[in-house]
Amino acid sequence: MSTFTKTMHLLQFTDSTFPVGTFSFSNGLETAAFEQVVHDAETLREFVGSQALQAAFSDGVAAIHAHRAYLKGDYDGVAEADRALLAFKMNAEARLMLQRMGKKLAELSSHLFESQLISRWLDDIRAERVPGTYPVGQGMAYAAAGVSEQEMFCAHQYGVINMVLSAALRCVRVSHYDTQKILFDLAGVAQRYYEEASTMELKDMNAFFPQLDILASLHEKGNMRMFMN
């Protein structure tokens with residue numbers, strides 16, 4: 001597969017119109033805005049930076065392991081990463097988001113690729129034998145598309161950051177200039193995160209962002225809804 005084709009696949013999977021449901025979630029920003037934890041560009045930058053860091057050493061690690069397992073034809077390795085990631089998530093909303101988007105990605109990937117591993121994973125998701133988390137789906141899909149592990153991790157980080165920034169335009173007093181500057185600046189740390197995450201085992205996943213779980217618990221029981229899809 002040519003570098004040109006691989007780049008086209010990378011652009012396709014990171015496009016905001018890629019139909020996996022990222023527009024439906026704010027990754028905790030909705031409640032953060034309601035509670036005034038995030039209220040301007042500066043507090044948004046801090047929030048998004050924390051999200052990217054947490055995702056790198058949890059979702060990103062699982063995605064890397066799934067990517068490697070796929071290339072080896074190791075379905076048990078894929079399933080192990082899938083279950084480990086779901087067990088790592090403390091709040092119900094995070095689990096719902098990862099599973100809902102993961103199933104959509106599995107369904108879409110089964111149409112894009114002739115892959116026994118992806119078909120088996122989708123069957124197991126439907127039978128509730130595996131949770132079907134989105135980062136694990138990313139690892140498999142990007143591997144199937146010929147996209148490297150490092151490029152996949154880059155796309156994963158971009159997706160996490162852009163999901164929150166897109167939601168911010170609907171529920172925080174910031175402009176497109178603010179969000180694009182934040183995205184541009186945070187690109188500088190993604191490679192450093194990859195260099196560390198690429199050496200981690202699944203048991204090494206870690207992320208200390210207790211505020212996010214508190215905000216999620218408030219959102220589960222509250223009525224705050226800051227934007228409509």
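This is a predicted model: local features need pLDDT of at least 70, side-chain atom pairs count only at pLDDT 80 or more; totals for chains, interfaces and linings use all residues.

Stop 1: Select Phe13, Phe18, Leu105, Tyr134, Gln138, Ala141 and Tyr142, and you'll have the lining of the largest cavity on screen. Its volume is about 40 Å³. Now colour helix H8, residues 134-144: with four residues, this helix gives the most to the lining. What kinds of residues make up the lining: nonpolar, polar or charged? Six are nonpolar, one is polar and none is charged.

**Stop 2: a patch on the surface.** Pick Phe4, Met8 and Leu11, which make a nonpolar patch with about 360 Å² of accessible area together. Zoom in on Leu11, part of helix H1 (residues 3-14). Leu11 counts as exposed because its relative accessibility is 51%, and the cut-off for exposed is over 50%.

**Stop 3: salt bridges.** The structure has seven of these. Start with Arg68 and Glu149, whose closest N and O atoms sit 2.7 Å apart. This pair ties together distant parts of the chain, 81 residues apart: Arg68 is in helix H4 (residues 59-72) and Glu149 in helix H9 (residues 149-171). Arg68 is partly exposed at 30%, while Glu149 is buried at 15% relative accessibility.

Next, show Arg129 and Asp124, another salt bridge, with closest N and O atoms 2.7 Å apart. Is Asp124 buried or exposed? Asp124 is buried, with a relative accessible area of 10%.

**Last stop.** Select Arg45, Lys181 and Asp185 to see a network of salt bridges linking them.

Terms used: Residues are numbered from 1 along each chain as its sequence is written. Side-chain values use heavy atoms; hydrogens and water are left out. On a 1 Å grid over the protein atoms alone, a cavity is a set of points where a 1.4 Å probe fits but cannot get out, and a pocket is an open set with protein on both sides within 12 Å along at least five of seven lines; lining residues have an atom within 4 Å of a point. Grid points are joined across faces, edges and corners, and a volume is the space filled by probe spheres set on the points. Helices (H or I, at least four residues) and strands (E, at least two) are DSSP runs, numbered from the N terminus. Ala, Val, Leu, Ile, Met, Phe, Trp, Tyr, Cys and Pro count as nonpolar, Asp, Glu, Lys and Arg as charged, and the others, Gly among them, as polar. Patches are made of residues with over 30% relative accessible area and no salt bridge: like charges are joined within 9 Å, nonpolar side chains (Val, Leu, Ile, Met, Phe, Trp, Tyr) within 5 Å. Accessible areas come from the Shrake-Rupley method with a 1.4 Å probe; for residues, only the protein chains shown count as cover. A salt bridge is a side-chain nitrogen of Lys or Arg within 4 Å of a carboxyl oxygen of Asp or Glu. Buried means under 20% relative accessible area, exposed over 50%, partly exposed in between (1.4 Å probe, protein chains only).
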